[in-house]
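Here is a short briefing to read alongside the structure. Please have the sequence and the 3D view open as you go.

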Amino acid sequence: MSDTPRPQTARGGIAVITGAASGFGLQVARRAAERGMKVVMADVQADALATSQREVEGLGAEVLPVLLDVSRAVEVEALAEATLRRFGTPTFVFNNAGVVAGGLVWEASVRDWEWVLGVNVMGVVHGVRVFTPLMLAAAAQDPAWRGHIVNTASMAGLLNPPAAGVYNVSKHAVVSLSETLHQDLALVSEQVHAHVLCPFYVPTGIHASERNRPAGLAGGTPTRSQLVAAAMAEKAVTRGKVTAAEVATMVFEAMDENRFYIYSHPKALATVQMRFEDIMTARNPSDPFRDRPEIGAALRAQLRG
């Protein structure tokens, strides 16, 4: 734990949260409300957003709901404009909206790539591009002002599990963007900070993100590997022991302590260490099922049967 004075995220601030109608986004919105923050809740799901808005308002927060697709630059720009008009410059931006598509990497369609990279990568890019200058301008006007940008990546941004190539690529990009943002901010300000959230398996509903895929990017008939990957993801996500509420608490603790990396499952870092040892020693990538060979055997049987 850091000795940095707490809290950095002042009560009465302004939070902008994408993917706010469920999962991490909703839980972070609840925590923001408990801290007395004004909350901008953005999501692509209209019904879920309306329900979540009422819940967070019930906690005493002023809420601005915004229906948007984060992959569209113009919609994220409109989100910023709406935030400024209603509340002012946000002190906390949570670039959190995300989707998943699995299967053998060569079986992913162009539409799979466009959908996942559009939401997971460009959604974060747009959030960083649009909100960072506003936060830096606010910091320049007030030496006491503090701001935080948190980008949701994944442990898949530090690892490369099989049958998840599109998702892995997207989350590696978010980790890289976030680390670069941290370094770039350090060049120009002591008041605006970046963080990256790398959760492992947490029950958030992301395994069901196909429900939000735009009609123009609809997938075709799923392949065997895509069906297998979807079943594996659902099992792993729904059986996760760490809750989204606990992760939301971790997010605020990391901001309070000005800690960049946020891990929901620190024990999983042993696998990350193994990957970096592979890289440093130039050995072939380690078997991801080394400690659970029965899972690897079952997966191979399903794909080769």
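The notes below cover a pocket and a pair of packed helices. Please keep in mind that this is a predicted model.

**The second largest pocket**

- The volume of the second largest pocket comes to about 290 Å³.
- Its lining is made up of 16 residues. To find the middle of the second largest pocket, look for Leu104, Pro161, Pro162, Ala163 and Ala164, which lie nearest its centre.
- Two helices, α5 (165-188) and α9 (293-304), each supply at least two residues of the lining. The largest share comes from α9, with 3 residues.
- Sorted by class, the lining of the second largest pocket has 11 nonpolar, 4 polar and 1 charged residues.

**Helices α1 and α2**

- Two packed helices are described by the angle between their axes and the distance between the axes.
- For helix α1 (residues 23-34) and helix α2 (residues 46-58), the packing angle is about 25° and the axes are 9 Å apart. Because angles under 35 degrees count as roughly parallel, α1 is roughly parallel to α2.
- The crossing of α1 past α2 is right-handed.
- On the α1 side, the contact is made by Leu26, Ala29, Arg30 and Ala33. On the α2 side, Ser52, Glu55 and Val56 take part.
- What classes of residue make up the contact of α1 with α2? There are 4 nonpolar, 1 polar and 2 charged residues in it.

Note on methods: Residues are numbered from 1 along each chain as its sequence is written. This is a predicted model: local features need pLDDT of at least 70, side-chain atom pairs count only at pLDDT 80 or more; totals for chains, interfaces and linings use all residues. Side-chain values use heavy atoms; hydrogens and water are left out. On a 1 Å grid over the protein atoms alone, a cavity is a set of points where a 1.4 Å probe fits but cannot get out, and a pocket is an open set with protein on both sides within 12 Å along at least five of seven lines; lining residues have an atom within 4 Å of a point. Grid points are joined across faces, edges and corners, and a volume is the space filled by probe spheres set on the points. Helices (H or I, at least four residues) and strands (E, at least two) are DSSP runs, numbered from the N terminus. Ala, Val, Leu, Ile, Met, Phe, Trp, Tyr, Cys and Pro count as nonpolar, Asp, Glu, Lys and Arg as charged, and the others, Gly among them, as polar. Axes are lines fitted to C-alpha atoms, for helices over the stretch in contact, and angles run from 0 to 180 degrees between N-to-C directions. Angles under 35 degrees count as roughly parallel, over 145 as roughly antiparallel, 65 to 115 as roughly perpendicular and the rest as oblique. A crossing is left-handed if the near helix is turned anticlockwise from the far one by less than a right angle, and right-handed if clockwise. Contact means heavy atoms within 4.5 Å.
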